[in-house]
Each structure stands twice: as C-alpha cells, then as structure tokens.
Amino acid sequence: MTEIVTSIIERGDLAHLALFLWASAATAFAMRALRELGASTRRLDAFVRELARFNRRYGSDI
C-alpha cells in the first residue's frame, strides 16, 4: 500500500491519491458492515430458534 501511495505522490497526482484513499476507506467500511450484518443475522437466527424451542415446550395447541 505504501508503494502505491509513494508512486502516486511522486507523479504529483493528488486527485488519484484522494480517490484511492476514499475507495480504500469505503471498501474497508463495506467489509466491516458485511461482517456485522452476518453477525446480526446469526444472532437473529439463534433468537428465532430459541423462540421456536420455547413455543414447542410451552405452546398450546389451538
């Protein structure tokens, strides 16, 4: 990564450096968001399983 930044700075292309840094940050944010989405999906799945187990144990037949 430092090689890329150094190369861009040496050429004096600051607009591309800004775009590269923005894209890197956006990608990191998206990856974190996807990881958190997966974790929240697993938590919701565990909650729904516990509700189903509770309903099987204590639910009444209507």
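Visitor: Why are Asp45 and Arg49 said to be separated by about one helical turn?
Guide: Because they are four residues apart in helix H2. A helix here is a DSSP run of H or I with at least four residues, a strand is a run of E with at least two, and both are numbered from the N terminus. This is a predicted model, where local features need pLDDT of at least 70, side-chain atom pairs count only at pLDDT 80 or more, and totals for chains, interfaces and linings use all residues. Residues are numbered from 1 along each chain as its sequence is written, and side-chain values use heavy atoms, with hydrogens and water left out.

Visitor: What makes the contact of Asp45 and Arg49 a salt bridge?
Guide: The rule asks for a side-chain nitrogen of Lys or Arg within 4 Å of a carboxyl oxygen of Asp or Glu. Asp45 and Arg49 meet at 2.2 Å, N to O. That is within 4 Å, so the name applies. Side chains of opposite charge can pair when their charged atoms come close.

Visitor: How many salt bridges does the whole structure have?
Guide: Two. Glu50 and Arg53 form one of them, at 3.6 Å, N to O. They sit three residues apart in helix H2, so about one helical turn separates them.

Visitor: How do you know whether Arg49 is buried or exposed?
Guide: Look at the relative accessible area (buried is under 20%, exposed is over 50%, partly exposed is in between; 1.4 Å probe, protein chains only). Arg49 has 54%, so it is exposed.

Visitor: What are Asp45, Glu50 and Arg53 called, then?
Guide: Asp45 has 35%, so it counts as partly exposed. Glu50 has 43% and is partly exposed. Arg53, at 41%, is partly exposed too.

Visitor: And why does Arg56 get its label?
Guide: Arg56 lies in helix H2. Its relative accessible area is 65%, so Arg56 is exposed.

Visitor: Why do the rings of Phe54 and Tyr58 count as a pair, and which kind is it?
Guide: Rings of Phe, Tyr and Trp (its six-membered ring) pair if their centres lie within 6.5 Å. Planes under 30 degrees apart are stacked, over 60 edge-to-face, and the rest tilted. By this rule there is one aromatic pair. The centres of Phe54 and Tyr58 are 5.0 Å apart and the planes stand at 50°, so the pair is tilted. Both residues lie in helix H2 (residues 14-58), four residues apart, about one turn of the helix. Phe54 is partly exposed at 47%. Tyr58 is exposed at 56%.

Visitor: What makes Leu44, Phe47, Val48 and Leu51 a patch?
Guide: Patch residues need over 30% relative accessible area and no salt bridge; like charges are joined within 9 Å, nonpolar side chains (Val, Leu, Ile, Met, Phe, Trp, Tyr) within 5 Å. These four form a nonpolar patch on the surface, with about 380 Å² of accessible area together. Such areas come from the Shrake-Rupley method with a 1.4 Å probe; for residues, only the protein chains shown count as cover.

Visitor: How do you know whether the chain is spread out or a compact globule?
Guide: The chain has two helices and zero strands. Its radius of gyration is 24 Å, well over the 11 Å that the globule rule gives for 62 residues, so the chain is more spread out than a compact globule. The radius is taken over C-alpha atoms, and the rule is 2.2 Å times the number of residues to the power 0.38. The C-alpha trace spans about 75 × 20 × 5 Å along its principal axes. Of the 62 residues, 5% count as buried.
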